[in-house]
Every structure is written in C-alpha cells, then in structure tokens.
Amino acid sequence: MGRAGTGTGGAAVAVAVAGPLLLLLLLARPPPGAAGDSQKGDVRLVSEQFSQSPQKLSFYSWYGSARLFHFRVPPDAVLLRWLLQVSWGSSPTCTNVEITVYFRYGAPPVINPLGTSFPANTSVQPSFFIKMLQSNASVNISHPAPGDWFVVAHLPPSSQKIEVKDFVPTCAYVFQPDMLVVRVVEVSVLEPDVPLPQNLLSHPSYLKIFVPKYTQELRLELQGCVSNGSLGCPVRLTVGSATLPSNFQKVLTCTGPTQACRLLLPSPPWDRWLQVTAKSLAGPHVSVAFSAVAALTACRVWNMNVQPLLPSSLNQSCNISTGLMSPSPSYQDQGRNSRLGNGPFCLMSYAVTREDVDVVSVRFRPLDRVLVLVQSDTPSVMQLYLNTGMDSGGSLTISLWANQSLITKNSWVVACVNAASPFLSFNTSLNCTTAFFQGYPLFLSASSREANLIIPYPETDTWYLSLQLVCPESPEECVEAVVFVESALSLVPCLHDCGPYGQCLLLRRHGYLYAGCSCKAGWRGWSCTDNSTAQTVAQQKAAALLLTLSNLLFLAPIAVSVYRSLLVEAAVYTYTMFFSTFYHACDQPGEAVLCILNYDTLQYCDFLGSGVSMWVTILCMARLKAALKYVLYLLGTLVFAMSLQLDRRGAWNTMGPCLFAFVVMVTMWVYRCGHRRQCYPTSWQRWVFYLLPGISMATVALAIYTSMMTSDNYYYTHSIWHMLLAGSAAFLLPPRDKHTEPWACSKKLTCHYQICKNHREELYTVT
C-alpha cells in the first residue's frame with residue numbers, strides 16, 4: 001500500500017492506491033465548460049500515456065544504486081498520474097520488501113536514505129517520496145508544471161555482506177512507472193490589461209497568461225463578479241503549477257461581498273506561460289460571471305555590461321538612450337532618482353558568459369569585469385543559464401567575496417539565488433521568496449566577507465543571483481555606500497571531485513547524464529565528506545599490509561613445487577602471488593595506494609591467477625601423464641581467460657572449470673583404486689598429514705569467500721582467504737616421483753647427441 005513519506009507536497013498532491021480505473025472514470029465525466037462562453041461547448045480533455053522500460057532495483061548503497069526515470073510533462077496539463085508497478089519472482093527468496101520512490105520537478109531528487117551529512121554550505125530541500133509495500137501504487141498531481149519530472153526508486157539500504165554473483169540465489173525486483181497525463185487542448189489566453197469575461201457553472205475555466213522577461217509584478221483581479229444576479233464572488237483562483245518537493249501555487253478564494261478580488265505576485269517567473277484556473281464555489285447549477293484582468297508592471301533594467309567598472313571609476317553614470325557609460329559627478333543620483341519613462345531602475349543587470357568546460361561542467365563569468373557593483377536601493381542581478389536540459393545533473397557552486405574596506409560594521413550585502421526570476425524586494429523582505437520559488441540567501445558582512453552556497457542537482461531553468469546592500473540599523477549609512485563583490489560561479493559534476501576517498505562517476509539514463517560520488521574507506525555522504533564511519537590512515541595502511549603481505553604465504557606452495565620438480569605449478573603460483581599483491585595494493589582507497597599497472601589489468605590478472613592456481617592444483621593431484629596434464633593446463637587457462645572476459649565476477653566462471661578438474665581427479669583416483677585393489681593414495685600418512693588438512697583449509701576458504709565477507713571485515717577475511725588458499729595448495733600438491741631427486745630444477749637431456757643420432761638413424765633402417 002502506498003503512503004506518503006516526509007516532504008512538502010501541498011494540497012495539490014494526493015497519494016492513492018488506485019489503478020488506471022480512476023483515470024478512466026475521470027475521463028468519462030463531462031469535460032469542463034469552455035472558458036468564457038459555455039454555449040460554445042465544453043473544453044476538450046485529452047489523455048496521453050508515457051512509459052519507460054522497467055529497471056531492476058538494487059539495495060541502496062550510493063546514488064548510483066538508485067534507478068532514475070526521466071519524464072517530460074506537456075504544457076497545459078491539468079492532471080498527472082504516475083502508476084507505479086513492482087514485480088518479482090516466485091522464488092522462496094523473494095519477499096515483500098519496502099520500496100522507496102522519490103519525485104521531483106526540474107531535476108533528479110536529492111535523497112539521503114543513509115542519513116549521512118552533506119558538505120558544508122549545501123542547501124538541500126526535503127524530498128517528496130512514498131514507500132510502496134505492495135506491488136502497485138499511484139501518485140496524483142493536479143495542474144503539474146510542464147517540463148522535466150524525475151522519479152527515483154530503490155530498495156532498502158544494502159547490508160554490508162559481500163555476495164558472490166550467481167552463487168547465492170537472489171530475487172529480482174523490477175520497477176516500472178507509467179505516466180498518465182490529462183491536458184486541455186483549448187485554453188483561453190489572458191491578455192494584459194484586457195478584461196476577459198468568464199462564466200462558471202459546474203466546470204472550471206482554464207486560462208493562461210504570458211509573463212515576459214523583466215516583469216516586476218503581476219496583478220490578477222476579478223471584476224464585476226456576480227453569482228446568479230446577486231453580488232458576491234464565490235470563486236477559487238489557482239495560479240501557477242504544482243511542483244515537487246515544494247509547491248508554491250497561489251490560491252485566492254473570493255467569497256466576500258465585494259465585486260473585486262485581486263492577487264499580487266511579485267517577481268513572477270519570466271518568459272513563460274502562467275496557468276490560471278478559476279473554479280466556482282457556488283455549488284451545482286449556480287452560474288458565476290466575472291471578468292478576469294491581468295496587469296503587468298515592467299522592470300526598467302540598467303545594463304552594466306559595456307565596460308569594466310572599477311573602484312577608481314565611481315564618477316560614472318549610465319546614458320539611458322545609448323546604453324554607454326559616460327562620466328558624471330552624480331553617479332548615485334542617476335541610479336536612484338532617474339525617472340525617465342516608467343520610473344526608476346529596478347535592477348542593474350550584469351551579463352554573464354557561459355563557458356562549457358565538459359559534460360555537466362560549466363563556468364560562469366561576468367562579461368568584461370571581475371567585480372560586481374552593489375548598492376543600497378537597486379539590486380545587482382546576474383543570470384545563470386542552466387536550461388540546456390543537461391545541467392541539472394551536477395552541483396551549482398556559488399562563492400562571493402566582498403572588499404574588506406567597503407563594508408561597514410552596520411551594513412550587509414544580501415544575496416539571493418533564485419530560479420525563473422530574480423528576487424528584487426530587498427527593501428521589504430530578506431527571505432529571498434519570489435512568486436513561486438523559495439530562494440537561497442547569502443550574507444556578507446564586515447565580520448564574514450566570504451559566503452558559499454552549493455545546490456546539488458539544480459532545477460532546469462534560468463537562475464538569477466541578486467545582490468543588494470542593506471543597513472537594517474542605520475539606513476542612512478547605505479545611501480552613499482558602494483561595495484564591490486567578486487564572484488566564482490560554476491556547475492561541477494561532483495563537488496571537489498568527491499575528495500580523496502571517493503570517485504566521481506557519470507551515470508546515464510536514456511541520454512540523460514548525471515553525476516554521483518562512490519565513496520571508499522568507510523567515507524560516506526553526497527560528496528564523500530561524512531567521516532562518521534571512516535577509516536583512519538593507520539587503519540588504511542594496516543588493511544593494505546594485510547591484503548598484500550598475506551599473499552607471501554604463496555611462497556610455501558612455490559617452494560614445495562620447486563622441491564618436487566613441479567615447475568609449471570610453481571610458475572603459476574608465482575604469477576598469482578605477484579598480481580594479487582599489487583592488485584590489492586592498487587585497490588586501496590585514500591593514502592595507502594600503489595598501482596604499477598592499470599587497475600583493470602591488475603584485477604583481471606589477479607582473478608585469472610586465482611582460477612588457474614586452483615585448476616593446476618586439482619589436475620596435478622590427478623597424477624595424469626605429462627603430455628595430457630600440460631594440454632589440460634593450457635586449455636584450462638584459455639577457458640579461464642575467455643570466461644573472465646565475459647563476466648569477471650561470475651562465480652561459475654571459476655567454479656565450473658574447477659569442478660571439471662575435480663571430476664577428472666576423482667575419476668583417476670577411482671580408476672587407480674580399482675586397478676590396484678586398494679585405496680588411493682595408499683599411505684594413511686598422506687591422508688592424515690596432507691590431504692585432510694589441505695581439504696579442510698580449502699573448505700574453510702570457500703566458506704569464507706562465499707558467505708562470511710562483509711565490507712567491514714573484508715580486509716581480514718580476504719587476507720585469511722589468501723593464506724588458506726596458499727596453504728591448501730602446499731598441502732594438496734602430490735609427492736614427487738620416487739626416481740626424481742629433490743630440487744631437480746635442471747637435468748641433463750635424456751639422450752646425448754650420439755644417442756639421438758643413432759636413434760634417428762634407426763628410423764631409416766630397413767629390416
């Protein structure tokens with residue numbers, strides 16, 4: 001059963017467990033009346049369905065283990081529904097688990113299932129999510145915002161146990177979301193300052209108004225509202241679209257006896273359509289008539305992108321007609337008191353250059369200048385274009401520095417970071433809230449002249465950085481004050497490249513790229529900065545020494561092999577010891593790292609050496625003829641090389657050949673038992689002092705490798721695995737032949753030249 005988790009969804013969000021039947025019932029109802037004229041017919045509602053291929057869910061360990069789904073909601077949508085379905089097999093290992101599903105508009109959700117800490121100065125909004133306890137659920141959103149929507153799902157946090165692939169039966173949980181959208185195909189356009197008559201009966205009216213760039217304020221008003229010929233305006237006006245995790249829709253309820261009802265929206269979203277829905281509250285069969293009027297207040301912009309404005313050039317002013325900087329002694333007066341046209345300037349605009357550095361990597365720089373002028377009554381605004389559709393997969397970083405000599409003890413530089421439109425109301429409020437967005441505040445003062453902000457996964461939109469000088473205790477100090485602020489603005493895939501204990505990885509979902517940090521050495525968190533479970537440098541070095549020096553125990557089977565004239569086996573053990581040592585030296589995170597070759601090459605050689613070592617040990621115990629034994633050695637090595645290339649971590653890639661070698665060994669032993677009519681090996685000392693200890697060590701090693709390793713004890717259990725594997729090989733190697741001398745590393749040829757020559761001559765002798 002689906003239930004809402006923590007988060008802010010607003011009244012527009014409803015979570016239910018209904019299926020597609022509810023949507024069919026919704027579409028079966030009579031469509032809403034046409035906006036403005038009920039005699040023209042009803043507004044037609046059309047439904048659209050979008051789906052993506054299902055994905056197998058994983059237990060959560062880092063962001064890459066969560067499954068991301070990317071949808072795009074069309075404009076004029078009045079209802080959005082996600083149908084969430086989970087399927088799993090009928091195996092006894094498959095149980096009903098809790099699946100967490102997150103939703104967000106504009107960017108992937110920023111989630112924290114492990115409860116780790118974020119880097120300093122990181123601003124994260126609570127995510128909206130539901131927890132699925134059954135195989136299906138649904139989420140409804142009325143009047144969703146058009147554009148990118150993201151769904152993320154994962155299983156509960158993973159255990160620390162390291163499981164061998166294909167060895168332990170697992171259950172596959174497959175998750176698939178379907179998006180159903182109901183949208184209006186006919187929407188009335190509300191022109192500025194032009195009354196639009198409306199007549200509500202039992203269905204709402206759908207309107208929309210285009211908000212151009214540099215709009216300072218939007219005023220919506222209902223005029224001449226009459227309900228069945230009587231005064232009053234029982235109308236609910238919903239302005240804006242619903243977003244997650246936060247919903248900033250404005251709802252205006254007009255129930256009073258007055259004929260006028262108005263709503264003021266400061267800093268509405270620029271350069272886009274704004275949805276307006278009017279619904280009657282008078283009950284069924286009661287007609288409500290009114291006229292909707294929208295008024296826009298334009299913002300006069302002072303462009304500051306012509307030439308650098310340095311501290312030595314304070315006596316400059318702006319020529320409005322040409323847009324050029326011209327010398328004038330009344331610089332501050334020009335910015336504050338000029339009332340050409342519609343009034344004073346509402347912002348100083350600084351053009352920003354966008355420099356694409358790499359994938360999900362952008363650098364922003366103010367055009368032709370380093371310093372940004374900040375004064376008391378006109379905000380300085382910079383635009384950051386993050387609307388390419390690929391910018392929401394990184395982290396937006398903002399750093400501000402103020403000149404030490406220009407900020408007084410009673411003055412502050414307040415900065416607001418907002419999406420869609422800038423914050424311009426510094427003189428009345430400092431909460432950085434625009435019409436439909438809660439911004440991120442930054443403060444610079446005499447005691448703190450630097451401020452930083454990190455926004456992981458910023459929404460796809462045009463972002464704005466607004467700055468203004470504020471003197472809350474003595475406003476007169478700010479009248480003539482000017483502060484110059486230096487900024488560093490960038491979009492990075494991972495903050496500080498995930499640090500020394502993490503790796504920044506680019507993840508992909510159907511062409512959409514986003515970044516995440518994979519942490520090591522016990523470090524956790526969004527950028528691998530949470531050290532609550534981290535290993536110290538001493539622990540890292542101790543772990544590295546355990547994993548590397550434990551391979552020196554392979555010197556025992558190497559010495560035994562050489563002593564018993566098993567030179568091929570000795571070469572294989574030497575190869576395994578060498579590459580296992582340096583692979584684990586390279587596999588360590590943080591400080592204790594040594595890589596003599598590429599990591600992937602070292603890993604491949606380590607896996608190959610381990611498999612071939614077991615292969616040659618078992619076949620050597622079979623005591624085959626030399627020619628057959630070496631042929632099997634070579635064929636087995638080639639099979640290992642092929643299988644590891646196909647799937648390096650597959651359990652049966654190693655176990656399969658080893659089982660075949662074991663069958664060959666058992667067959668040969670049984671044959672010798674029947675041929676000699678006594679147990680093979682014949683010596684009880686061989687069984688008690690060699691075979692039983694070797695088999696016991698191999699069994700314990702296999703048990704540790706398959707069922708006892710965890711992320712916490714890996715350094716100890718894997719080191720024990722190395723020692724047991726090497727020790728079992730030393731015990732299980734067969735004794736040398738009776739006619740072979742110890743340490744017979746080099747012997748003379750079995751025939752001298754004369755003998756070989758005579759043998760060759762005999763081949764041509766005709767008898």
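**Notebook: helical spans and aromatic rings**

I looked up residues 714–733: their end C-alpha atoms lie 28 Å apart, and the span is 95% helix and 0% strand. For residues 652–671 I found 27 Å between the end C-alpha atoms, with 100% helix and 0% strand. Helices (H or I, at least four residues) and strands (E, at least two) are DSSP runs, numbered from the N terminus.

The model is predicted: local features need pLDDT of at least 70, side-chain atom pairs count only at pLDDT 80 or more, and totals for chains, interfaces and linings use all residues. Residues are numbered from 1 along each chain as its sequence is written, and side-chain values use heavy atoms, leaving out hydrogens and water.

Next I turned to the rings. Rings of Phe, Tyr and Trp (its six-membered ring) pair if their centres lie within 6.5 Å; planes under 30 degrees apart count as stacked, over 60 as edge-to-face and the rest as tilted. I noted 37 aromatic pairs by this rule. In one of them, the ring centres of W82 and F103 are 5.0 Å apart and the planes stand at 35 degrees, so the pair is tilted. W82 belongs to strand β7 (residues 77–88) and F103 to strand β8 (residues 99–105), so the pair ties together parts 21 residues apart in sequence. Both W82 and F103 are buried (under 20% relative accessible area, 1.4 Å probe, protein chains only).

I also found a cluster in which ring pairs link Y63, F118, F150, Y457, Y512, Y514 and W526.

Note on methods:
Buried < 20%, exposed > 50% of the residue type's maximum accessible area, 1.4 Å probe, protein only.
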